[in-house]
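Biologist: I am new to this entry and would like to go through it with you. Could you put it on the screen?

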Amino acid sequence: MAGRKCRVRFNVGGKIFETTATTLANAGRNSMLGALLDESWNVRQPEEAEYFIDRNPACFAVLLDLLRTGELHIPPNMPEKLLFREALFYGLLDKVRAARWGAFDGNRLHLASSVSGRAPGDGTAIRAGPEGGCCVAHGSMVHVYDWMLEAHPPISLDFQQVNDVGYIDAGSIVITARERLGKGDGGMGVFSASTGELRHRFRVTHYDQVKSFTAGALSFSNADRKIFTSCKGRCNEYGIAVWDQDTGEQVDFFYEQLDCSLGDADKLQWLDADKCLMVATLFPRRDTSFIGLLDFRAKGVVWSWSDANASVSASLDEKRVLHATAVEETRSICVVNQYDDLGFIDLRSHAGGVRWSSRSKLMNRKAPNEESCYPKLATHDGQLFCSMNDGISVFCGPEWVLTSTLRRSFGGSICDFSIGGDRLFALHSEENVFDVWETPSSPII
Amino acid sequence: MSAQKRRTFKIEAFKHRVEIDPKYAERTWKVLEHAIHEIYNHNASGLSFEELYRNAYNMVLHKYGEKLYSGLVTTMTGHLKEIAKSIEDAQGSLFLEELDRKWGEHNKALQMIRDIMMYMDRTFVPSSGRTPVHDLGLNLWRDNIIHSSKIQSRLLDTLLDLIHRERKGEVINRGLMRNITKMLMDLGPVYQEDFEKPFLEVSASFYSGESQQLIECCDCGEYLRKAEKRLSEETERVSHYLDSASEVKITSVVEGEMIANHMQRLVHMENSGLVNMLVDDKYEDLARMYSLFRRVTDGLSTIRDVMTAHLRETGRQLVSDPEKLKDPVDFVQHLLDEKDKYDMIISKSFNNDKTFQNALNSSFEYFINLNNRSPEFISLYVDDKLRKGLKGVTEEDVEVVLDKVMMLFRYLQEKDVFEKYYKQHLAKRLLSGKTVSDDVERSMIVKLKTECGYQFTSKLEGMFTDMKTSVDTLQGFYASQHAEIGDGPTLAVQVLTTGSWPTQPSPPCNLPPEIIGICEKFRTYYLGTHTGRRLTWQTNMGTADIKATFGKGQKHELNVSTYQMCILMLFNSAERLSYKEIEQATEIPASDLKRCLQSLACVKGKNVLRKEPMSKDIAEDDAFYFNDKFTSKFIKVKIGTVAAQKESEPEKQETRQRVEEDRKPQIEAAIVRIMKSRRVLDHNTIVTEVTSQLQSRFLPNPVVIKKRIESLIEREFLERDKADRKLYRYLA
């Protein structure tokens, strides 16, 4: 009796499926199947109940298999889009996404897709969203893609140059823009990822006066619900502005001090363990590179490094730091120079210089006539990623040994890349193509 | 013809392919609307979920999301208005039950409607920025039911009335209350705005009234008990049917109304206030007062202030009560008892609160130093305990007593005065062999040492060393002399180092010839073994045991002082001697002589001499006789010296003066130390620094410091700055 009651019979578009209540419970109450079986809809249930659903039986089979095993196997003749549509009907789209690709591992990545953009020429930045989507900034436009890599209405900024973009959550994108002289625009706003509408405009006040500003690099602290932006005002109001993610109000402003340039930083990175913000202002934006850690509680620069004294001759042959990322696990900052050398600066000492690492020298495959891009660095889960020309190198372990290289044959140099939502997005400079790299789900055994 | 053949071309607008029946949306919506009606009418069993879901899905898919959503709002609003009516019509106590029942039904219906509209919730709602279906259902309930004019105030009144009745002791349906408040909480800020705020206001006025009433008819202890009960009742109420966040708010209302507003009155309540509790050791009431008052601002400081004032007042009375001053031991015992009492109260009732302990200490410090004889009395108390009081008491208990005394000692500002007296009393104990236990004496010295440092006790320790070496010396003396000493008197000498002992140089009296002989032998022996020393006899401090035979051949052993021995020995050769004759023969200083004679002739039972005329006091022209008729039932008779243990007024003055003299070099040394390191200082800073340096020993008087500075200027240790007369410079 009990066993029979646990069996559930479906007629989907004419095809009969039988499964168990346990399997269906995996769908959750907040799904169409969960509601269908809920007792409030089954008050007068006949003994041999058969649920009719007027949908595509092939897709139902795939989704039922997903509920049974947690794995997603799409038959080659079934368009992805069709399956996604059916999953949305049943309220199982999130489960499909979760089963679509595995947990991120830099050494097991495979190229899942290459998406051609609409705008030719240089992209400014690419940013990964928390749920597998991404956005690409070109000039004054930001193209938004969801995790199914479907393009949403682009965000257009009325010819203002976009400086940086970032996600607050899967549905909200922050964009920083350059101010145009005499227009009083620029600044920064939150846009809806699905419709491209402006939801909120951030304002900067100095001594109770609202000022227009140019917003640069962005960073987020999700634990503290804060947004950090490097800002340049008209009257030397340079510094780092801090906003609340929820209210959108300015909560702090860290003014630029002598010997540390904050207002036009290349990169901001929030360090959760230290509750500090790394600010890096680097060559060629400035002649001298500066990296500092800001502590907003102590209102001070608690650690800093600069090559101001080292580069007396300022010759082009010298090793110039071009990009930086903090590696919280080893309490150091990783930097890269124009010769593809990786270098490390110890965060625990205040006097240390850059320790250039020869072992992890990047592979230089530069073709002579190819336009090159500045290298970029990123870390994720103890792995270090560095873009150089048309490839991305992955370094692991305490000695940062090169363990994988991600490369594709066309598209030219990689001008930016970003890791998030268990995916790596790499934007190429020449063809306006971005690549999506995923980790496949775990092997069967 | 051609005209006829002309065909007219008509260009029609290109017709889009009609995707669906234009009435499709309306028809589909009717189905859904009907379903919503059925759900609200508990008639959902005939509905097919799959069909309804598909219909709602199709409406959204075909861009009728807007219509679906607004239709839902309208339909649900209509039902809620009907529900509102039925709740309004509920009579009396059925009102809450009806509200609760309808709320349950609405929730159930809402869940089913949400199931149908799930696809809309997932796609249309977020992209159009609408409220999700569940929240929409709650908002509509709030607007149509809770905020309906006929329900809002009635609901609030009912809830507040029930709580009021429960406060008055009635039993109410707590389950129902919990359901209703839970509903208000589910509706978000409604709980705070529509219920909590008025609830707190009503509670405030209730407790304001009740506290007013209680304070008129209860004593303090009872009032506090009732307040405590009310607080725990409110906490319990919150745990049963209110939001846990309300606990802090309601308890702070009760605290404010019942305690903070009546604090002064409670503390000062006649016959039962704080002072009475302290006097009667009402630990429980005091603990209750402490735990209640600590909840409100300034609560504890109020208790503390009253306790301090009371302590200071009783302390002041204690130290200035002339009756108490008569017996120093009793006086100190009273202080100790008082301290014990309050220590107990603080530990039992005041949670060992540091601030209370500090208040207690500062109060004791205040009143102990009101009486400048306190150092002397404390030393006397120790003297008493170490002489006899501690007989038959275990080591630990002695330590306890001594520790307590040390506590009082810590309060003393004039520690050097205590030292002076302690030295005197210790000397007396040592010389007369009255100390009960060497260990206890030493333990007391160790305590003083840890408290005040090495300097403070070095001389006291010296006294112990002297006692020990004297025993050795004497043994050596008798070992060398045993052949020559026959049955002459036995001599016991204690060699005291000058400076370590509180001796006043007093001219030696004329010793009887029998004694002088052996004394000379000892002197020769001692100086023979220790070259370069000088011996002076301190005849005023010695004792002697002599045998005396009275009439009828009665034999007694008399225990007397050296002076008394000298006097008695004179009567071996004379029957009658006048005061003048005795004075001449012995050369004992007049005050001592008078005291000796008084103890020999005027004390009943110990009057080995007879005086003429018979009177209590000794006059210059009195005559003394050997009292042949002396009897005593003891063989050994101890004849004490009539000497007040407590110092007499002139002696006190003298000690005082000596203390002042001793302080002078200490103050000067402090000034020089400070000036040496600081070179230039103004007057006030010197005074502060000197005071802080010497605080551990005594509190120097600024006037005295000024005098010392002047003296140092005279002796050219310091000079006044030529430009600024307030500045002093160090000269070296």
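Modeller: A:Y255 is partly exposed, with a relative accessible area of 32%. Please keep in mind that this is a predicted model.

Biologist: Which residue pairs with A:Y255, and how are the rings arranged?

Modeller: A:F253 is the partner, and the aromatic pair is tilted, with 4.7 Å centre to centre and 50° between the planes.

Biologist: Is A:F253 buried or exposed?

Modeller: A:F253 counts as buried, at 9% relative accessibility.

Biologist: How many aromatic pairs does the structure hold over all chains?

Modeller: There are 41 aromatic pairs over all chains. One of them joins A:F10 and A:Y51, a tilted pair at 5.8 Å centre to centre with 40° between the planes.

Biologist: Where in chain A do A:F10 and A:Y51 lie?

Modeller: A:F10 belongs to strand β1 (residues 7–12) and A:Y51 to strand β3 (residues 50–53), so the pair ties together parts of chain A that are 41 residues apart in sequence.

Biologist: And are those two buried or exposed?

Modeller: A:F10 is buried, with a relative accessible area of 0%. A:Y51 is buried as well, because its value of 12% falls under the 20% cut-off.

Biologist: Which residues form one aromatic cluster with A:F10 and A:Y51?

Modeller: From chain A, the cluster also takes in A:F17, A:W41, A:F60, A:F89 and A:Y90. Chain B contributes B:F49, B:Y53, B:Y57 and B:Y119 to that cluster.

Biologist: You mentioned A:F89. Which charged end sits over its ring?

Modeller: That of A:R55, which is 4.0 Å from the centre of the A:F89 ring. In chain B, B:R130 lies over the face of B:Y69, at 5.5 Å from the ring centre.

Biologist: Let us change topic. How many cavities of 30 Å³ or more does a search find?

Modeller: The search of the whole structure finds 4 cavities of that size. The largest cavity has about 70 Å³ of space.

Biologist: What lines the largest cavity?

Modeller: Its lining consists of B:N372, B:R373, B:P375, B:E376, B:V417, B:Y421, B:K652, B:T655 and B:R656. By class, there are 3 nonpolar, 2 polar and 4 charged residues in this lining.

Biologist: Which elements give two or more residues to that lining?

Modeller: In chain B, these are α21 (374–389), α23 (415–431) and α30 (649–678). The largest share, 3 residues, comes from α30(B).

Biologist: On to the cysteines. How many disulfides are there over all chains?

Modeller: A search of the whole structure finds 0 disulfides. Among the cysteines, A:C231 is buried with a relative accessible area of 1%, and A:C396 is buried with 15%.

Biologist: Last topic, the backbone. Which residues have a positive phi without being glycine?

Modeller: Most residues other than glycine have a negative phi. Examples with a positive value include A:R331, at about 50°, and B:N352, near 55°.

Biologist: Where is A:R331 found?

Modeller: In chain A, A:R331 is in the loop between β23 (321–327) and β24 (332–337). A:R331 is partly exposed, with a relative accessible area of 28%.

Biologist: And what is the place of B:N352?

Modeller: B:N352 is in the loop between α19 (328–348) and α20 (354–368) of chain B. At 43% relative accessibility, B:N352 counts as partly exposed.

Definitions and conventions:
Residues numbered from 1 in each chain as written. Chains lettered and ligands numbered in written order. Predicted model: local features only at pLDDT ≥ 70, side-chain atom pairs only at ≥ 80, totals over all residues. Heavy atoms only, no water. Phe/Tyr/Trp six-rings, centres within 6.5 Å; stacked < 30°, edge-to-face > 60°. Helix = DSSP H or I, 4+ residues; strand = E, 2+ residues; numbered from the N terminus. Buried < 20%, exposed > 50% of the residue type's maximum accessible area, 1.4 Å probe, protein only. Lys NZ or Arg CZ within 6 Å of the ring centre and 35° of its normal. 1 Å grid on protein atoms, 1.4 Å probe; cavity = no way out; pocket = protein on both sides within 12 Å on 5 of 7 lines; lining within 4 Å. Points joined across faces, edges and corners; volume = space filled by probe spheres on them. Nonpolar A, V, L, I, M, F, W, Y, C, P; charged D, E, K, R; others polar. Disulfide = S-S within 2.5 Å.
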